Amino acid sequence: MAFSNVLLAIFLGLLVLHLIEPSHESFDDQEASQGVVKSLLATIDCGVACSGRCRLASRQNLCKRACGTCCARCNCVPPGTSGNTDQCPCYANMTTHGGRKKCP
């Protein structure tokens, strides 16, 4: 009796996994569907955004390089030349190995 309950539970578990698991698409279909998803995500022009962010910096090359790295990872740059980091938490929370804020 207990053995049949265990078999029934295993069978139902496998059935649920089979229903949940996505169908096996060909490699080309997977690439195509991922390309559609990537193209639907809005990306910003990091060069323009960082130029605006760093326009008043005393060391513009350093500022633009750090901002560009942060923008590429977070896909956002806070508006203005400083502050406003609440609008881009990823940008605000990124730190260097030394624990200092990475993004200008």
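## Surroundings of arginine 53

Leaving out residues up to four places away in sequence, arginine 53 touches Cys67, Val77, Pro78, Pro79, Gly80, Thr81, Ser82, Gly83, Thr85, Tyr91 and Pro104, where contact means heavy atoms within 4.5 Å. The model is predicted, so that local features need pLDDT of at least 70 and side-chain atom pairs count only at pLDDT 80 or more, whereas totals for chains, interfaces and linings use all residues. Residues are numbered from 1 along each chain as its sequence is written, and side-chain values use heavy atoms, with hydrogens and water left out.

Arginine 53 belongs to helix α3, which spans residues 46-53; helices are DSSP runs of H or I with at least four residues, strands are runs of E with at least two, and both are numbered from the N terminus. Arginine 53 is buried, a class that requires under 20% relative accessible area, as against over 50% for exposed and values in between for partly exposed (1.4 Å probe, protein chains only).

## Charge and polar neighbours

Although buried, arginine 53 has no salt bridge, and the nearest side chain of opposite charge, that of aspartate 86, is 8.7 Å away. A salt bridge here requires a side-chain nitrogen of Lys or Arg within 4 Å of a carboxyl oxygen of Asp or Glu; Lys and Arg count as positive and Asp and Glu as negative, while His and the chain ends are not counted.

Backbone oxygens do, however, lie beside the arginine side chain. A polar atom of the arginine 53 side chain is 3.4 Å from the backbone oxygen of proline 78, and a polar atom of this side chain is 3.3 Å from the backbone oxygen of proline 79. The cut-off for a polar contact is a pair of N or O atoms within 3.5 Å; within protein, one atom must be able to donate a hydrogen and the other to accept it, and residues adjacent in sequence count only if both atoms are side-chain atoms.

## Disulfides

Six disulfides are found in a search of the whole structure, each being a pair of cysteine sulfur atoms within 2.5 Å. When the bonded cysteines are numbered in sequence order, the pairing reads 1-7, 2-5, 3-4, 6-12, 8-11, 9-10.

One of these disulfides joins cysteine 46 to cysteine 71, with an S to S distance of 2.0 Å. Because the torsion about the S-S bond of this pair is about -80 degrees, the disulfide is left-handed. It links distant parts of the chain, cysteine 46 in helix α3 and cysteine 71 in helix α4 (residues 60-74), which are 25 residues apart, and both cysteines are buried.

Cysteine 70 and cysteine 103 form another disulfide, with sulfur atoms 1.9 Å apart, and it is left-handed because the torsion about its S-S bond is about -95 degrees. This pair also links distant parts of the chain, since 33 residues separate cysteine 70 in α4 from cysteine 103 in the segment after α5 (89-93). Cysteine 70 is buried at 0% relative accessible area, and cysteine 103 is buried at 12%.

## Cysteine 54 and cysteine 63

The sulfur atoms of cysteine 54 and cysteine 63 are 2.0 Å apart and form a disulfide, which is left-handed with -80 degrees about the S-S bond. Cysteine 54 has 0% relative accessibility and therefore counts as buried, as does cysteine 63 with a relative accessible area of 10%.

Cysteine 63 lies in helix α4 and, apart from neighbours within four places in sequence, is in contact with Cys54, Ala57 and Pro104. The C-alpha atoms of cysteine 63 and proline 104 are separated by 6.3 Å, although these residues are 41 residues apart along the chain.

## Nonpolar core and overall build

The largest nonpolar core has 13 residues, and those with the most contacts inside it are Cys67, Val77 and Tyr91; such a core is a set of buried Ala, Val, Leu, Ile, Met, Phe, Trp, Tyr and Cys residues joined through side-chain atoms within 4.5 Å. Helices α3 and α4 each supply at least two residues of this core, and α4 gives the most, with five. With residues up to four places away in sequence not counted, cysteine 67 touches Cys50, Arg53, Cys54, Val77, Tyr91 and Pro104.

Taken as a whole, the protein has five helices and zero strands. Of its 104 residues, 16% count as buried, and among contacts with a separation of 6 or more, residues 24 or more positions apart account for 46%.
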